[in-house]
Amino acid sequence: MRPHKRLRAALFTAAALAAALVLPAHAADPIRIGELNSYKAQAAFLDPYRKGMELALKEINDAGGVIGRPLELVSRDDGGNPGDAVRVATELLTRDKVDVLTGTFLSHVGLAVSELAKRRKVFFLAAEPLTDKLTWSDGNRYTYRLRPSTYMQVAMLMPAAVKANRKRWAIVYPNYEYGQSAAATFKTLLKAAQPDVEFVAEQATPLGKIDAGPVAQAIADAKPDAVFNVLFAADLARFVREANTRRALEGTFVVSLLSGEPEYLDPLKDEAPSGWVVTGYPWYSITIPAHQTFLDAYRAAYGDYPRLGSIVGYATIKSLAAGIAKAGSTDTEKLVEAFAGLEVDGPFGPFVYRASDHQATMGAFVGTLAVKDGRGVMVDPIYVDGASVLPSDADVVRLRPAAD
């Protein structure tokens, strides 16, 4: 071989060896995360949620991935329907060959996918569905949940409800699993704290199809001292506007789940109901250092402020990465064990997935709604750690009788 050809061959071999040394993570098979959600039906929450996931994926992959492998997201729309969700989840497993399942928004959809995970013995991290059944009565070995449940968020509102010392309460909620669960929990907890309380009206409305005028009028006609609201998204906006028009809640104390989340508060603008005590996400006034880091990264990536969905999407992917790293594998049984007691650093600070009921201790903010500069805001927000409103491990034995 001529000298120049030998030199060229040597350089080619050296370059190939260098590439093999610096590119193993990229050359490795990706860890495939199968994610399904109600993107069309709940776009206000799930568009920011998707951005939060993508931001976390980029951060993780830019840092070398997990266990030497990049993360890859395979997303599908679940149609907001349990039957469609089970079909989509099955396709993710069989056709797309995903390693884990995550996502879902609506509670009845989350329960259906959880049952599939149990049946097929696949790991499922439920990101958003809030029903208590998911981690308690219908809980199973293969399902964990990120967001604070209906019980947790109702318990966060309970100090304000009890302090108000109102006797006649009305309740309005969407008539499906999430709303039913929240309403039942509120009645149970308030009755335990204030035995003489009366529930004088209960309006259960079809999800996404509220006839807001008659609902607001029915509540006004019952003359309650206070109202517990569980409506969200377009149903909440319609209800608030009809209640404002009719002055149906004038002088009435209101506690409300989720109404401080920007997804649902921002569209109300100056119609936001001042004085409501709510759970939500006041991104503009959070001083937690980890949140500031997240906020700066999100704004740099998208030129926009985050919504609560952004937090949920981001923390979901960070949780899966932490769990896979701890397990050292995507093996289902190893992941189940790794998530028990797993600590994750999220935008609200560290939180833990409890071994007893598979519920994360990530908390939420409680504050009061007000109108400032023509838009609704949460004032005097307080972060409530999820661990502080969860039952003890001993109580979970009763709440989760046959989970494993």
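These questions and answers cover helix contacts, cavities and a pocket in a predicted model.

Q: At what angle do the axes of helix H4 and helix H5 cross?
A: Helix H4 spans residues 82-94, and helix H5 spans residues 107-120. Their axes come within 9 Å. The crossing angle is roughly 40 degrees.

Q: Is the crossing of H4 and H5 left-handed or right-handed?
A: As H4 passes H5, the crossing is right-handed.

Q: How many nonpolar residues are in the contact of H4 with H5?
A: H4 brings Pro82, Ala85, Val86, Ala89, Thr90, Leu93 and Thr94. They meet His108, Val109, Ala112, Val113, Leu116, Arg119 and Arg120 in H5. By class, three residues of this contact are polar and two are charged. The nonpolar residues number nine.

Q: Is H11 oblique or roughly perpendicular to H12?
A: Helix H11 covers residues 289-302. Its axis and that of H12 come within 12 Å and cross at roughly 105 degrees. Angles of 65 to 115 degrees count as roughly perpendicular. Therefore H11 is, to H12, roughly perpendicular.

Q: How many charged residues are in the contact of H11 with H12?
A: H11 contributes His291, Phe294 and Tyr298. H12 contributes Ser310, Ile311 and Tyr314. By class, four are nonpolar and two are polar. The number of charged residues is therefore none.

Q: At what angle do the axes of H12 and H13 cross?
A: Helix H12 runs over residues 308-327 and helix H13 over residues 332-339. Their axes come within 8 Å. H12 is roughly perpendicular to H13, because the axes cross at roughly 110 degrees.

Q: Which residues in H13 meet H12?
A: On the H12 side are Ser319, Leu320, Gly323, Ile324, Lys326 and Ala327. By class, the contact has six nonpolar, two polar and two charged residues. The H13 side consists of Lys334, Leu335, Ala338 and Phe339.

Q: What is the volume of the largest cavity?
A: The model has two cavities of 30 Å³ or more. Phe105, Ser107, Glu128, Pro129, Leu130, Tyr176, Tyr178, Phe232 and Leu258 line the largest. By class, that lining has seven nonpolar, one polar and one charged residues. The volume is about 60 Å³.

Q: Which residues line the second largest cavity?
A: This cavity has a volume of about 50 Å³. Its lining divides into five nonpolar, two polar and two charged residues. The residues are Arg147, Pro148, Glu261, Gly280, Leu308, Phe348, Met362, Gly363 and Ala364.

Q: Which residues are closest to the centre of the largest pocket?
A: The largest pocket has a volume of about 220 Å³. Its lining has 15 residues. Those closest to the centre are Asn244, Leu249, Glu250, Ser274 and Trp276.

Q: Which helix gives the most to the lining of the largest pocket?
A: By class, the pocket lining has eight nonpolar, five polar and two charged residues. Three residues of the lining come from the helix that gives the most, which spans residues 233-246. That helix is H9.

Definitions and conventions
Residues numbered from 1 in each chain as written. Predicted model: local features only at pLDDT ≥ 70, side-chain atom pairs only at ≥ 80, totals over all residues. Heavy atoms only, no water. Axes fitted to C-alpha atoms, helices over the stretch in contact; angles between N-to-C directions. Helix = DSSP H or I, 4+ residues; strand = E, 2+ residues; numbered from the N terminus. Left-handed = near helix turned anticlockwise from the far one by under 90°. Contact = heavy atoms within 4.5 Å. 1 Å grid on protein atoms, 1.4 Å probe; cavity = no way out; pocket = protein on both sides within 12 Å on 5 of 7 lines; lining within 4 Å. Points joined across faces, edges and corners; volume = space filled by probe spheres on them. Parallel < 35°, antiparallel > 145°, perpendicular 65-115°, else oblique.
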